[in-house]
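We will go from stop to stop, selecting as we go.

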Amino acid sequence: MTEITAPAMPVRRPDLSQARLKRRYSAERRFRLYGILAVLVATGMLGALLVTIIGKGYSAFYRTDVRLEVMLDPSVIDPAGTKDPDAIMQADYTKLLREGLRQLFPDVTSREDKRDLNALISSGADTQIRKMVQADPSLIGQTVTVSVPIGPDFDMLAKGFISRDLPESARRVSDKQIGWYDTLRQQDRVEHGFNWSFFTSGDSREPELAGVAGSVVGTLLTMLVTLSLAFPLAVATAVYLEEFAPKNRWTDLIEVNINNLAAVPSIVFGLLGLAVYIGFFGLPRSAPLVGGMVLSLMTLPIIIIATRAALKAVPPSIREGGYGIGASPLQVVTHHVVPLAMPGILTGTIIGMAHALGETAPLLMIGMVAFIVGVPHGVTDAATVLPVQIYLWADSPERGFVEKTSAAIMVLLVFLVLMNGIAVYLRRRFERRW
């Protein structure tokens with residue numbers, strides 16, 4: 001019987017010609033070039049963003065003051081002579097400041113000119129002298145020298161945002177007012193210094209007095225509530241799903257929902273907080289407690305996913321070694337797996353917190369968009385956060401709030417850089433190599 005053999009298949013040899021090798025090396029060089037160009041473009045766009053923010057916001061870190069001699073008239077501050085704290089607090093210190101300013105310009109007599117002259121000092125400058133008298137009532141009846149914030153338009157003039165070359169009709173300050181300001185400069189009464197009040201004061205309707213102290217404290221309180229709620233719940237959930245939960249359709253459904261929650265728009269969580277926490281439970285609006293609870297809902301899926309990934313990265317030999325020495329499943333997880341996965345867990349937590357730090361939409365829904373002047377002292381006090389503060393200032397028409405907005409963005413970026421820096425440090429500090 002004749003054996004039939006299949007014809008031998010021709011062997012295809014790779015084309016190693018110089019032309020093909022040249023084309024392949026050229027393609028590799030182009031690919032590297034595209035990658036370098038992508039990095040350069042991304043870096044350039046980030047650099048342009050930072051330069052724009054810093055260029056608009058650096059001027060907010062210094063302020064312009066005017067030095068005046070003010071007579072603390074007893075008939076205005078304490079007519080009864082009793083040094084009553086309530087009378088001292090309610091006295092008209094603005095009147096005293098304006099009288100001290102008018103003494104420098106005795107030729108200003110008309111009502112219109114007096115109104116224009118009064119614009120040289122901030123409408124909130126009386127707070128400083130009020131605190132001075134409240135701290136030391138013995139100053140009543142004396143003439144004191146104080147440096148108070150200059151008016152917002154003159155602050156912009158001093159920083160160069162109002163050009164003197166523009167026609168008078170196109171400026172917010174008149175030629176006469178510029179002359180008064182120049183006179184104060186010639187008398188060495190105009191002072192420039194670092195704007196400490198930007199970090200120690202709360203919000204204000206006057207841009208030269210507005211600060212971020214209230215929003216920074218509100219942000220810290222909100223992040224504290226978020227971390228306290230999200231971290232233990234997320235880690236416990238991830239550990240159960242990864243180490244103990246049976247693999248069935250219910251756990252699969254839970255995993256799918258967790259992944260879907262990570263993609264839900266943040267404003268949906270704000271609507272949930274408004275309906276449940278405020279509408280049903282009656283918790284206070286615009287409070288860090290409610291804001292932290294809303295942000296914790298949004299952060300939970302992120303931390304759960306990161307924690308599960310960190311747990312999966314622990315080699316199976318660690319678990320097998322624990323079982324080999326007689327440890328229970330709970331002991332293996334708590335004594336071996338979780339400590340080794342902690343760098344990834346902490347990194348995911350901090351990244352999730354950094355994501356929550358930049359959220360605005362859910363906090364707007366629960367009322368944290370309110371105008372808050374004071375600094376909150378607890379999680380139930382009315383407060384705002386840095387992203388919402390930036391939103392409010394960006395919506396203000398005054399030119400002075402433009403620099404305040406950019407300066408607040410710089411403060412927020414510092415927070416984000418610090419949080420990501422902590423994440424990098426923790427990973428390198430606790431990272432184990434197998």
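**Stop 1: Ser-197.** Select Ser-197, which lies in helix H9, residues 197-200. Helices here are DSSP runs of H or I with at least four residues, strands are E runs with at least two, and both are numbered from the N terminus. This is a predicted model, where local features need pLDDT of at least 70, side-chain atom pairs count only at pLDDT 80 or more, and totals for chains, interfaces and linings use all residues. Residues are numbered from 1 along each chain as its sequence is written, and side-chain values use heavy atoms, leaving out hydrogens and water.

Is Ser-197 buried or exposed? Ser-197 is buried, because its relative accessible area is 13%. Buried means under 20%, exposed over 50%, and partly exposed in between, with a 1.4 Å probe and protein chains only.

Ser-197 touches both, leaving aside residues up to four places away in sequence. Contact means heavy atoms within 4.5 Å.

**Stop 2: the core.** Select Phe-198, Val-212, Leu-363, Ile-366 and Trp-393. Of the 40 residues in the largest nonpolar core, these touch the most other members. Such a core is a set of buried Ala, Val, Leu, Ile, Met, Phe, Trp, Tyr and Cys residues joined through side-chain atoms within 4.5 Å. Helix H18 gives the most to this core, with nine residues.

**Stop 3: the rings.** Select Phe-61, Phe-194, Trp-196, Phe-198, Phe-199, Trp-393 and Phe-401. Ring pairs link them into a cluster. Rings of Phe, Tyr and Trp (its six-membered ring) pair if their centres lie within 6.5 Å; planes under 30 degrees apart count as stacked, over 60 as edge-to-face and the rest as tilted.

**Stop 4: charges over rings.** Select Arg-205 and Phe-371. Arg-205 lies over the ring face, 3.8 Å from the ring centre. Then try Lys-159, whose charged end sits over the ring of Tyr-62, 5.2 Å from its centre. The rule needs NZ of Lys or CZ of Arg within 6 Å of the ring centre and within 35 degrees of the ring normal.

**Stop 5: helix H1.** Select residues 18-57, the helix H1. Leu-21, Ile-53 and Gly-57 are buried in H1. Helix H18 (400-430) is among what covers the buried residues of H1.

Key. Expected span 1.5 Å × (residues − 1).
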